[in-house]
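Hi,

Here is the structure I promised to pass on. Have a look at it first, and then read my notes below.

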Amino acid sequence: MVSAGLQLILYTVAAVLATYGVRHYVLTLHRLFARQSRLYEGIYCADWPSVTVFIPAHNEEAVIGKCLEALAASDYPQERLQIVPINDRSADKTGQICNEWAANHPRLVQPFHRISGVGGKPAALKDAAELAAGEVFVVFDADYVPGRSLLKQIVAPFLDPEVGLTMGRVVPYNVEANLLTRMLDMERSAGYQVDQQARHNLRCVPQYGGTVGGIRARALRATGGFTANTLSEDTDLTFRILGLGWKVAYLNNAECYEEVPESWPVRIRQLMRWSKGHNQALFRYLGPSLRNPFFTPRERVEAVFVLLVYLVAPLTVVGWIASLAMYFAGGSHTAVLPLLALAAYGGFGNAAAFFEMAAAVRLDGNRERVLLLPLNAIGYAVSAITITRGFLGLISDRLLNRQSAWDKTPRFRRASDVFVVPQ
Amino acid sequence: MNAEATLFIAAMFLWLGAPVLPALRQYKKAALAPLYVPAGNKLDASAGLSGAIAAISRGDFSTPVDGVSVSRSRRFDDTCPLRGKVACESDTSVSGTQNAFEVAWAPRFKLEADAVVHGALTASQRISVAPGARFRVLQAPKIFFEGPVGDLSARRPEDVATPGSPEGAVFLKAQGWWHATGDVLVREDLRVEGDIVASGSVFIRRGACVHGSIKARRTILVSEAASVHGSVTANRIELSQDVEISGCVLAEDAVVLGRGCRIGLAGAPTTISAERVQAHPGVEVRGGICAHAHGEALHV
């Protein structure tokens, strides 16, 4: 009986991983060999909509000045641009820096000081968005350093009335810091260069990532605005806006630098929050996505894949435990089933994700970096366990009726650090 | 532990550990630069030329600025091709197939019939394109494809067009669009207010007018003397003779501009962007054209 149960678990895990593996291969091969969509590229001049740029900032004195400086140098028509740094209950000099910028650029920079209320980026965005006037909202995290033409690139797809959200590409700038940042760079590369671009090509469901992206203000208002009670406002917003028929456009050339965690504890906390937030969205939007009348069949399948993606890690852990249990339980299946599981994980699960990563690194022109690929197995194991912990944390929060708290990712850059966008 | 188990563990160690060995070469490597992110993202072809243009306006033709060469030549062809980044002090004609430049700026450009240019041509006043010329990126307040201009007087005034609804679409109030799961038809001399989003194709008949942007997953076909006050986005866009579009024209695959079409307005320049752009004589574009793969001025 126990053995049959374990068998069933293993077959289920292997089937799910194999399905995701096939998806990884399809996306990667499409990215490598098919024609890439360039629908929103090369838009030099247009009747640009008015834009409000939000920069949520909680104790960001080290980085927010550089972000404001980069945005003020943007080539977006200044008369249609409003920059709103959101000073979210900061205890450092963030508010002071924002005020100094506002004093020097009174029309362009209009800070929003938040001194009370629920903490976290979604709540801060919710409050600030209610007062903003732009037709398009663009969000940058405070540690981002946008290039001169990035705003135009992010806003251009909104000339298409069907686009409700846009997403640019995030590139780590602290790649050289240590092994972790180099591995995270590869992971980001796979996620954007291959996964998001292929989904955009195939008219699947590219995802809005919460930063380096734009939101059509009308679409946001139609869905009721930002939600404060979520840890993953990006996934939440993606599925609410998709629910009303708008689409997400991914822009691989709209690149912007960010800082990735330089220590494992910070990385683990970030992953835990993502896991909780994404699975919150899973519980909220799986049903509505299956019934979404605006989805094509392909979009519906892809939406399910995207929503379930943070369940793959807990399933993998369950698979590992089941494999071990079967091995030690003995019996006639012991030789076959662990092998089957291993083949499923290696052939379609992990290896497919690594194949995607290798393709991304090659497309980015960092051929040497592909040598780091085997070490990503360590990152994969850490991720699997952390995401599982996040998932279990969310379940216990729901059972105990606890509010999941926003956990800010610490910055590693100091205000004195000189950061120049490489040319 | 028996010999079989030891062998198994050793094999597993080799299988899993061997691929990690080359990674050690990268483990402590500190010279890994982040990805190259172009500061200007190449959106504005004239961005790199601003210093040179300022120098020309001062009458300084001798100082090289920002890697830009300043040219007094009035003509580039296969014997004297365009190279690199070039700022031309006067009106310039380009012909031949050997012009391997990145960006070129001049007050006015004329692309001759045999010209094949792969870089971005930016003019502060006007670009004229002769039938047969091939191009990639053109930017100017006025881009004119040489040939007879359409008979604009024959165009029906918009206020005569009858207000109405597009066929095959329903209006979604929250989204503010006309939405269709299949094709949409805007009948002759009809005026439609609002954006149109269709999963199929959109057909705009003769003399019809749409005040809003249009998105179609497949094709947008705009018939003679029709107009769109907004952007059009589709896989393929075909505009017949004397069509007016005030916004951007964006296609995944191709844009075909019929004789005498006018894209963009004098005070509100716009962009045509597609893999392939084909323009008949008499087409006038105010703003830019970006043909990712191939742009061509067609003969009559």
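How many salt bridges does a search of the whole structure find over all chains? The count comes to 37. Before the details, please keep in mind that this is a predicted model.

**Salt bridges**

A bit of background: side chains of opposite charge can pair when their charged atoms come close.

Let's start with A:Asp236 and A:Arg284, which form a salt bridge whose closest N and O atoms are 3.0 Å apart. This pair links distant parts of the chain, with A:Asp236 in helix H8 (residues 233–243) and A:Arg284 in helix H9 (residues 264–291) of chain A, 48 residues apart.

Next come A:Glu299 and A:Lys247, another salt bridge, with 3.2 Å between the closest N and O atoms. A:Glu299 belongs to helix H10 (residues 297–308) of chain A and A:Lys247 to strand E7 of chain A, so this pair ties together parts that are 52 residues apart in sequence. Here A:Glu299 is buried at 2% relative accessibility, and A:Lys247 is buried as well, at 10%.

Over in chain B, B:Arg276 forms a salt bridge with B:Asp253, and their closest N and O atoms are 3.1 Å apart. B:Arg276 is in strand E23 (residues 270–279) and B:Asp253 in strand E21 (residues 249–257), both of chain B, so the pair ties together parts that are 23 residues apart in sequence. B:Arg276 is partly exposed, with a relative accessible area of 33%, whereas B:Asp253 is buried, with 16%.

There is also a network: A:Asp160, A:Glu162, A:Lys247, A:Glu299, B:Lys215 and B:Arg217 are joined into one by salt bridges that share partners.

**Nonpolar cores**

The largest nonpolar core has 84 residues, and those that touch the most other members are A:Val53, A:Phe54, A:Ile55, A:Val138, A:Phe140 and A:Ile215. Strand E7 (residues 247–258) of chain A gives this core its largest share, six residues.

Leaving aside residues up to four places away in sequence, A:Val53 touches A:Leu71, A:Leu81, A:Gln82, A:Ile83, A:Val84, A:Val138, A:Phe140 and A:Leu151. A second, separate core has 62 residues, including B:Phe109, B:Leu239, B:Val249 and B:Val285.

Is A:Thr388 buried or exposed? It has 12% relative accessibility, so it counts as buried. A:Thr388 sits in helix H13 (residues 376–399) of chain A, and a polar atom of its side chain lies 2.5 Å from the backbone oxygen of A:Ala384. Not counting residues up to four places away in sequence, A:Thr388 touches A:Ala313, A:Pro314 and A:Val317.

Helix H11 (residues 312–329) of chain A contains A:Trp320, which counts as partly exposed because its relative accessibility is 30%. Together with A:Ile321 and A:Ile385, A:Trp320 makes a nonpolar surface patch of about 280 Å².

That's what I have for now.

Cheers

Key
Residues numbered from 1 in each chain as written. Chains lettered and ligands numbered in written order. Predicted model: local features only at pLDDT ≥ 70, side-chain atom pairs only at ≥ 80, totals over all residues. Heavy atoms only, no water. Helix = DSSP H or I, 4+ residues; strand = E, 2+ residues; numbered from the N terminus. Buried < 20%, exposed > 50% of the residue type's maximum accessible area, 1.4 Å probe, protein only. Polar contact = N/O pair within 3.5 Å; in protein donor to acceptor, adjacent residues only side chain to side chain. Contact = heavy atoms within 4.5 Å. Patch = residues over 30% accessible without salt bridge, like charges linked within 9 Å, V, L, I, M, F, W, Y side chains within 5 Å. Areas by Shrake-Rupley, 256 points an atom, 1.4 Å probe, with all protein chains shown as cover. Salt bridge = Lys/Arg side-chain N within 4 Å of Asp/Glu carboxyl O. Core = buried A, V, L, I, M, F, W, Y, C linked by side-chain atoms within 4.5 Å.
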